[in-house]
Amino acid sequence: MSFISISLLLLLSFELHSAHAQESPTPADDCNGIFWQYVFTSGSILKPTLKAHQPYRFESTLSIINNGPDELKSWRVFVGFQHDEYLVSASNAVLDDGTSLPAAVGNGTVFAGYPSSDLKTAIETAGDSTQTSAMVGLVGTQFGVGLRNAPMPSNISLVNDGLICPKPSMKGNNTMFVCCMKDPKFKANLTRDGDEFLPREEGDLTIMYDITRTYDSNYWAQVSIANHNPLGRLDNWKLSWDWMRDEFIYIMQGAYPYLVDSSDCIFGRQGEFYKDLDFSNVLNCERRPTIIDLPLEKANDTTLGKIPFCCRNGTILPPAMDPSKSVSAFLMNVFKMPPDLNRSSFTPPQNWKISGRLNPDYKCGPPVRVTPSEFPDSSGLLPNKAAFASWQVVCNITQPKGASPRCCVSFSAYYNESVIPCSTCACGCPANTAKTCSTKAPALLLPAQSLLVPSENRTKMALAWASLNHFAVPTPLPCSDNCGVSINWHLLTDYRGGWSARMTLFNWDEFSFADWFTAVELDRAAAGFEAVYSFNGTTISGVNNTIFMQGITGLNYLMGETDGVNPHKDPRVPGKQQSVISFTKKNTPGIKIAAGDGFPTKVYFNGEECTIPKILPKSGSFRISSNVLLTSTILPLVFTMLIIITTRQ
């Protein structure tokens with residue numbers, strides 16, 4: 001064999017070896033489920049230059065591949081960020097909790113696929129990777145990580161039900177991957193036979209986005225908000241979302257934009273494309289509009305109202321309180337932009353957020369395509385008419401980190417003359433105050449009459465009470481509770497066969513609460529509930545040990561705070577509602593009322609959980625129910641004299 005022939009064979013052998021080496025299996029090749037990985041691609045230092053907590057730019061990619069036999073619908077992945085990350089952009093995904101970017105994600109976050117949320121299988125697509133996989137590019141800021149490091153998340157996993165993800169593995173120092181397999185024990189919530197959509201989910205609050213009419217350039221959508229939580233509620237709700245394809249709102253019925261403004265369209269792409277459209281009639285062109293409900297008087301307005309479940313001034317009640325008022329709805333005419341100008345192209349808005357006034361906080365997931373909703377046919381000839389397309393947004397009550405409650409509770413009892421007040425800064429403390437106060441010192445015990453005085457006016461009464469009872473007074477004095485609504489729970493009586501409590505609601509805000517409700521959780525005493533005398537009250541089915549109370553007809557308004565008789569001298573007067581609640585001990589043997597069983601462990605006002613004191617009134621002290629002469633005659637006189645002395649000092 002010639003030298004040239006041998007050289008050609010050696011060269012061919014080398015090329016075959018190189019090709020084989022390049023086709024060596026990857027971790028994804030060994031996965032027959034859902035494979036996904038996080039790759040840190042680059043980082044660089046950012047200004048300002050700091051000795052501690054230095055900011056760095058980071059770029060990463062998320063890759064998810066469906067190597068399994070079943071389609072993965074509405075994929076969602078968790079990334080356990082742990083370096084105070086501030087995410088600026090994410091391609092092909094949105095944050096699952098509805099937060100718009102940029103956003104802080106340093107405690108970890110869940111991504112949801114957008115605009116494509118479903119991953120088909122290789123079997124049904126002949127291995128088309130554009131339909132079986134997704135790649136998300138991330139850009140953001142990290143802190144204190146150093147240039148030489150590849151800062152990785154603490155964990156990555158799939159959030160979708162029915163999948164089991166093991167502990168992720170590392171490849172080098174910048175790649176983390178995991179292969180998630182189908183859980184053989186998981187039982188799916190199946191939809192109707194032949195449905196290509198995910199089943200509808202349950203939540204504290206659900207929002208439906210239904211396409212009811214469609215044209216090439218625009219469509220009509222009905223947005224329905226339904227409350228399912230027995231203690232959830234919204235007052236003056238505000239609903240917002242992000243348009244993702246430059247859509248804008250032309251007409252609305254049943255609700256209205258918080259800001260009517262078409263300037264973003266006139267000076268944007270919309271104005272260039274719709275040259276013949278009169279934009280003075282366009283309601284809103286914001287990328288993130290805020291929608292509010294209409295007042296009750298617009299319910300029968302032929303232009304703005306005439307929509308079922310509309311126009312209640314933003315009030316959505318618990319279903320147990322009034323099922324007809326637990327839903328709110330409105331219609332809107334949405335205009336689209338190229339390349340979506342056909343009647344079958346719909347892109348639901350993302351990053352939904354809903355909030356109310358003195359109500360729980362809600363966290364909303366991404367819209368999920370579900371079976372089209374059905375509505376009664378307006379002609380009356382057909383049983384139902386289906387929407388062209390429907391998406392469901394599920395929202396659940398949450399407590400944001402660092403958020404303060406907006407109501408508080410004080411405790412008192414017949415066996416102790418002092419009131420355990422609302423906690424210091426129970427509803428948060430102002431950043432700046434005219435007077436120095438302590439945010440950590442416990443609140444001063446109070447006389448009962450001080451509950452009718454605004455917290456900022458109680459200082460003289462509290463100091464006089466402390467002097468009379470030889471209570472210690474911290475320096476500086478504790479800050480006030482800063483709550484708009486406070487509730488006093490007073491243990492009224494305790495006898496062999498039963499006991500009673502008196503509940504008083506105080507509204508320190510200037511606005512009134514219509515159709516208010518409150519709920520108390522009594523771990524051991526709720527089973528003995530008998531009656532509420534000035535409210536309507538009942539136990540709630542499905543909610544353990546909770547008594548639900550609301551105002552009776554004609555007294556269902558908790559009025560706002562008003563001026564005193566002499567505004568220049570007298571403190572403002574809160575709105576007030578009060579009722580006695582009676583209990584029997586027949587169903588609660590061994591209950592110890594004074595030892596704590598007679599005090600609630602949780603209290604809610606209009607769905608918001610209120611802060612409660614960490615201590616209870618002590619028994620064995622001076623009894624308010626005895627020595628009536630001393631209490632009603634001598635004690636007020638001594639107390640008044642002490643206030644005068646304190647004032648003069």
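User: What makes Ser404, Asp481 and Asn482 contacts of Gly428?

Analyst: Contact means heavy atoms within 4.5 Å, and Gly428 meets that with Ser404, Asp481 and Asn482, leaving aside its neighbours within four places in sequence. This is a predicted model, where local features need pLDDT of at least 70, side-chain atom pairs count only at pLDDT 80 or more, and totals for chains, interfaces and linings use all residues. Residues are numbered from 1 along each chain as its sequence is written, and side-chain values use heavy atoms, with hydrogens and water left out.

User: How far apart are Gly428 and Asn482 in sequence and in space?

Analyst: They are 54 residues apart in sequence, with 6.5 Å from C-alpha to C-alpha. Gly428 itself sits in the loop between β27 (416-420) and α6 (459-469); helices (H or I, at least four residues) and strands (E, at least two) are DSSP runs, numbered from the N terminus.

User: Why is Gly428 called buried?

Analyst: Buried means under 20% relative accessible area, exposed over 50%, partly exposed in between (1.4 Å probe, protein chains only). Gly428 has 16%, so it counts as buried.

User: And why does Thr518 get that label?

Analyst: Its relative accessible area is 0%, so Thr518 is buried too. You'll find Thr518 in strand β31 (residues 517-521). Among the residues it touches beyond four places in sequence are Ile487, Met503, Phe548 and Tyr604.

User: What does the side chain of Thr518 reach at 2.7 Å?

Analyst: The backbone oxygen of Tyr604. A polar contact is a pair of N or O atoms within 3.5 Å; within protein, one must be able to donate a hydrogen and the other to accept it, and residues adjacent in sequence count only if both atoms are side-chain atoms.

User: Which side chain makes a polar contact with that of Lys585?

Analyst: That's Asp494, at 2.7 Å. Lys585 lies in the loop between β36 (575-584) and α7 (593-597), and it also touches Tyr495, Arg496 and Trp499, among others.

User: How do you know that β17 and β18 pair?

Analyst: Two strands pair if DSSP finds at least two bridges between them. β17 and β18 (residues 290-293) have 3 bridges, in the antiparallel sense. Ala255 stands opposite Asp293 in β18, for instance.

User: What makes β17 an edge strand?

Analyst: The open sheet has 4 strands in the order β17-β18-β15-β20, with antiparallel pairing. β17 (255-257) and β20 (350-355) each pair on one side only, and those are the edge strands.
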